[in-house]
Amino acid sequence: MKKVIFAAIVLTLPIACTTDAPRQVSADEQKALAVEGKKIFMEFGKTLVGHVKKSMKSGGPVKTITVCNEIAPTVAADLSKKHGVELGRTSLKLRNPSNAPDAWEKSVLMKFEQRKAAGEKVKTMAYKEIVMEDGKQYFRMMKAIPTAQKPCLMCHGGKVKAGIENQLSKLYPEDKARGYKAGDIRGAFSLKKEL
Ligand code: HEC
C-alpha cells in the first residue's frame, strides 16, 4: 500500500511542479516594474515629507512625532491600496516595531550597509528581485533612505531635545532609531507586488 501511495506522489509531482513553476518575467517587464516601484517610493517619500513640513510649521517637532506616528502607517496603507502593492518603511534600528523587516528585507538592509562601506552613494542605492514565497511569485524592491542633517537628526540623532525625548519614550519605549549621523542609512522603502 505504501508503495502505491509513494508511486502516486512521484507521478503527480511533475504536474504539481509545472503548475506552481514561476513564470518567466521578461527583462522589459522587470524594467517596467522597477520604474513603477521607484515612482511609488518617490510618491511615498514626498507625501511623508509634505506632512512633516506642514506639521513642523504649524505645531513644532513634538506634535510632528504624533503626525509621524499616525500619518506614516496611513499613507503607506493608502498608497498600497492605490497601487496594488504592499508598501512600507523598515530599518535595522527600528523606532516602531511594526516596521520590522522580514528575512528578505533584513538581508537587503545588511547588503546596503556593505555597499555603503564599499563607497556607494546612499541616495541612489536600491535593490530588486523576483522571489517565490509560499508558492507565489513576487516582485520585491527596496530603496535606501539616507539620513539628512535636517530635519532627520532632530528626532533620529544622538542629541535629542528633552520635549522630543519625552514624547518618543512615551510612544516608543523600545526606540532604537537614535544616534544616527548625517549620511547614514536610516532605513529603506520596501515594496512587494504579487505577479
Ligand atoms: C518629528 C520627529 C521626526 C523627524 C523630524 C523624522 N522622523 Fe523618522 N520617525 C519618527 C517617528 C515618530 C517614527 C515612527 C513612525 C511609525 O510609527 O511608523 C519614525 C520612523 C521612521 C522610519 C521607519 C522605520 C522605523 O524606525 O520605525 C524611517 C525610515 C524614518 N523615520 C526616516 C526618517 C528620515 C529619513 C527623516 C528625515 C527626512 C526622519 N525620519 C525625520 C519621527 C521623526
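## The shell around the ligand

In sorting residues, Ala, Val, Leu, Ile, Met, Phe, Trp, Tyr, Cys and Pro count as nonpolar, Asp, Glu, Lys and Arg as charged, and the others, Gly among them, as polar. By this sorting, the shell around the ligand holds 12 nonpolar, 5 polar and 4 charged residues. This is a predicted model, in which local features need pLDDT of at least 70 and side-chain atom pairs count only at pLDDT 80 or more, while totals for chains, interfaces and linings use all residues. Residues are numbered from 1 along each chain as its sequence is written, and side-chain values use heavy atoms, with hydrogens and water left out.

## The iron atom

His-156, through NE2 at 2.1 Å, is the only protein donor of the iron atom of the ligand, where donors are N, O and S atoms within 2.8 Å of the metal (3.2 Å for Na, K and Ca) and water is not among the atoms, so sites may look incomplete.

## Aromatic rings

Rings of Phe, Tyr and Trp (its six-membered ring) pair if their centres lie within 6.5 Å, and their planes count as stacked under 30 degrees apart, as edge-to-face over 60 and as tilted for the rest. The whole structure has 3 aromatic pairs. In one of them, the centres of Phe-44 and Phe-189 are 5.3 Å apart and the planes stand at 50°, so this pair is tilted. Both Phe-44 and Phe-189 are buried, that is, under 20% relative accessible area, with exposed over 50% and partly exposed in between (1.4 Å probe, protein chains only). Together with Phe-41, these two residues form one aromatic cluster.
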